[in-house]
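Dear colleague,

Please find below the structure that I am handing over to you. My notes on it follow directly after it.

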Amino acid sequence: MESEMYFVFMNYDPEYERLRADRSKRGAYELDSYLSTKHDGLLAATLEPGTYKKTFSLVIVDGFAVEISEDQANALRSAKGVRVVEKNQELA
């Protein structure tokens with residue numbers, strides 16, 4: 001099964017917006033922690049353990065990068081709360 005890098009972007013989340021508005025150090029830490037937990041939970045609930053590798057969570061947008069197969073990308077596309085799943089395009 002060939003894995004490629006995909007970016008997953010989430011639907012509007014009021015809690016994300018609230019945490020992102022808090023510019024304090026504690027707010028930044030809470031945002032990182034919240035997104036990491038949320039993104040890890042989505043992957044764990046949607047995909048088989050050990051079949052994917054999350055690279056990082058994005059803070060600027062509610063999203064993350066993950067190494068998965070095309071079938072797994074399709075499974076994530078229909079997961080609750082997911083707005084878009086895009087394959088990473090190499091820039092020529």
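This is a predicted model: local features need pLDDT of at least 70, side-chain atom pairs count only at pLDDT 80 or more; totals for chains, interfaces and linings use all residues.

Residues are numbered from 1 along each chain as its sequence is written, and side-chain values use heavy atoms, with hydrogens and water left out.

Overall build

The protein has three helices and four strands; helices (H or I, at least four residues) and strands (E, at least two) are DSSP runs, numbered from the N terminus. Read from the N terminus, the order of these elements is β-α-α-β-β-α-β. The radius of gyration, taken over C-alpha atoms, is 14 Å, close to the 12 Å that the globule rule gives for 92 residues, so the protein is as compact as a globular protein of that length. That rule is 2.2 Å times the number of residues to the power 0.38. The C-alpha trace spans about 40 × 35 × 20 Å along its principal axes. Of the 92 residues, 29% count as buried, where buried means under 20% relative accessible area, exposed over 50%, and partly exposed in between (1.4 Å probe, protein chains only). A contact means heavy atoms within 4.5 Å; among contacts between residues at least 6 apart in sequence, 64% join residues at least 24 apart.

The sheet

Strands of a sheet pair through backbone hydrogen bonds, either parallel or antiparallel. Here, four strands form an open sheet in the order 2-3-1-4, with antiparallel pairing; two strands pair if DSSP finds at least two bridges between them. Strand 2 and strand 4 stand at the edges, each with a single partner strand, so one side of each is left without a neighbour in the sheet. On average, neighbouring strands of this sheet are turned by 20 degrees against each other, direction ignored. Strand 1 is joined to strand 3 by six bridges. Within this pair, Met-5 has Glu-67 as its bridge partner, and Phe-7 stands opposite Ala-65. Strand 1 also pairs with strand 4, over five bridges, and there Tyr-6 stands opposite Lys-87.

The helices

Helix 2 (residues 25–46) has 22 residues and should span 32 Å at 1.5 Å a residue, which agrees with its end C-alpha atoms being 32 Å apart. The expected span is 1.5 Å times one less than the number of residues. The buried residues of helix 2 are Gly-27, Leu-31, Leu-35, His-39, Leu-42 and Leu-43. They cover an arc of only 125 degrees around the axis, which puts them on the same side of helix 2; the arc is that of the directions from the helix axis to the C-beta atoms. The face turned away from this buried side carries exposed residues, including Lys-25, Tyr-29 and Thr-37. Helix 2 lies across strands 1, 2, 3 and 4, and runs at about 145 degrees to strand 2. Helix 3 lies across strands 1, 3 and 4, at about 160 degrees to strand 4. For these angles, axes are lines fitted to C-alpha atoms, for helices over the stretch in contact, and values run from 0 to 180 degrees between N-to-C directions.

One residue

Phe-56 is found in strand 2 (residues 53–58). Phe-56 counts as partly exposed because its relative accessibility is 36%. Not counting residues up to four places away in sequence, Phe-56 touches Phe-7, Phe-64 and Ala-65.

With kind regards
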